[in-house]
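Thanks for coming. I will take a few minutes to walk through one protein, beginning with the overall layout and ending with some local details.

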Amino acid sequence: MPVMTAKAQFPDEQSPSGEFLRQQDAFRNWVRSDGADYPAKAGRYHLYVSLACPWAHRTIVVRRLKRLEDVVGMTVVDPIRDERGWRFAQPDPLNGWAFLSEAYFATDPAFTGRVTVPVLWDTQSKRIVSNSDDDIMRMFETEFDAFGDAGLDLYPESQRDAIDALNERLYETVNDGVYRAGFATSQRAYERAAYKLFETLDAMEERLATSRYLFGDTPVETDWRFFVTLVRFDAVYYGHFKCNLRRIVDYPNLYGYLRDLYQIDGIAETVNFDHIKRHYYYTHDDINPTRIVPIGPMLDLNSPHGRASVSQGQLGISAV
Ligand SMILES: N[C@@H](CCC(=O)N[C@@H](CS)C(=O)NCC(=O)O)C(=O)O
């Protein structure tokens with residue numbers, strides 16, 4: 001018997017039994033340090049982001065940490081989008097666009113999917129190189145070392161299998177997990193996603209009891225992939241997406257870890273709660289039709305985190 005489901009936020013991305021099934025990324029070309037089509041160059045590529053979006057946030061963080069601000073330009077879209085998708089508060093200074101969809105149609109006039117951020121734009125061929133946050137992160141991490149901070153390795157060779165495996169688990173149950181809970185249109189789909197999410201949060205709370213970061217004493221890309229969801233959690237996912245078994249402030253290790261990452265040089269400037277809250281509470285009409293933006297939460301992400309004393313040992317490669 002079919003499960004009764006409510007109206008979906010994105011009807012094309014919904015299973016008959018009420019699960020949110022995120023669309024695939026449409027553009028997945030690669031900038032390479034020695035690439036033929038898209039060679040890494042200073043000033044050639046431009047990043048379009050929303051400060052509200054966790055996926056875009058990851059690319060902003062890596063751009064900052066790898067010191068690529070002067071190498072890859074960046075434009076921030078307005079946090080409020082309507083049925084025409086992401087728009088620019090002022091016309092895009094680079095291309096004069098009013099809507100980000102113009103980048104998509106310039107690249108593929110037949111594009112019919114949902115217009116998403118982040119977008120990595122090539123100013124030379126005037127096409128989107130990629131709209132995959134995973135790929136853009138990796139490009140910034142590994143392909144621009146001639147221009148940025150080559151000394152910072154967010155994807156260390158010796159840990160790659162373990163990093164990939166934990167990324168996958170966090171994506172399924174946490175990063176996308178909050179969306180699977182929030183966009184579910186059946187009780188069953190919601191509960192499944194929400195319980196899985198907290199199972200992983202509980203496991204990470206335990207893991208972080210004996211390790212300052214997920215893989216030892218320095219953050220890797222997995223920490224930043226996790227961070228963008230943690231920092232939004234109490235402000236939007238707990239209430240708006242109904243992920244409300246516990247808040248992050250209720251987890252001593254996760255909350256300390258969140259503050260530790262937040263206080264790393266340059267990171268606080270990448271976090272904008274005004275954009276985050278207005279985007280989520282305004283643009284998901286089926287979840288919050290009144291568009292009322294809640295007043296909380298009270299978070300003090302600058303308070304001392306005490307994480308420096310947590311054991312610094314490297315976790316084994318197989319630790320997932
Ligand atoms: N899979 C994409 C996900 C990007 C994504 O879904 N971004 C959201 C914002 S958080 C978006 O642009 N949504 C457009 C919309 O809500 O219409 C990636 O890897 O970058």
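Predicted model: local features only at pLDDT ≥ 70, side-chain atom pairs only at ≥ 80, totals over all residues.

**Overall layout**

The C-alpha atoms fill a box of roughly 50 × 50 × 40 Å along the principal axes. Of the 320 residues, 54% are buried. If we take contacts between residues at least 6 apart in sequence, 72% of them join residues at least 24 apart.

Let me turn to helix 1, residues 54-65. The helix has twelve residues and reaches 16 Å from its first C-alpha to its last, close to the 16 Å expected at 1.5 Å a residue. How many of its residues are buried? Twelve of the twelve are, so to speak, under cover. The buried residues of helix 1 include Trp 55, His 57, and the arginines Arg 58, Arg 63 and Arg 64. Just after this helix, Arg 67 takes a positive phi of about 55 degrees.

Next is helix 3, residues 133-142. Eight of its ten residues are buried, so helix 3 is largely enclosed by the rest of the structure. Among the buried residues are the charged Asp 133, Asp 135, Arg 138 and Glu 141, and also Ile 136, Met 137, Met 139 and Phe 140.

What covers the buried residues of helix 3? The cover includes strand 1 (45-49), strand 3 (119-122) and strand 4 (127-130). From the helices, it includes helix 1, helix 4 (160-175) and helix 7 (221-237).

**Backbone details**

Now some local geometry. Most residues other than glycine have a negative phi, and most peptide bonds are trans. Here are some exceptions.

Where are the cis peptide bonds? One joins Val 117 and Pro 118, with omega about 0 degrees. Pro 118 sits in the loop between helix 2 (101-107) and strand 3. Another joins Gly 296 and Pro 297, with omega about -5 degrees, and Pro 297 belongs to the segment after helix 9.

Lys 126 is not a glycine, yet its phi is positive, near 55 degrees. Lys 126 lies in the loop between strand 3 and strand 4, and at 48% relative accessibility it counts as partly exposed.

Arg 291 also has a positive phi, about 60 degrees, although it is not a glycine. This arginine is found in the segment after helix 9. With 37% relative accessibility, Arg 291 counts as partly exposed.

Last, Glu 269. Is it buried or exposed? Glu 269 is exposed, because its relative accessible area is 63% and the cut-off for exposed is over 50%. Glu 269 is placed in the loop between helix 8 (252-262) and helix 9 (273-283). Glu 269 and Asp 12 are 257 residues apart in sequence, and their C-alpha atoms are 35 Å apart in space.

That is where I will stop.

Technical notes
Residues numbered from 1 in each chain as written. Heavy atoms only, no water. Helix = DSSP H or I, 4+ residues; strand = E, 2+ residues; numbered from the N terminus. Expected span 1.5 Å × (residues − 1). Buried < 20%, exposed > 50% of the residue type's maximum accessible area, 1.4 Å probe, protein only. Contact = heavy atoms within 4.5 Å.
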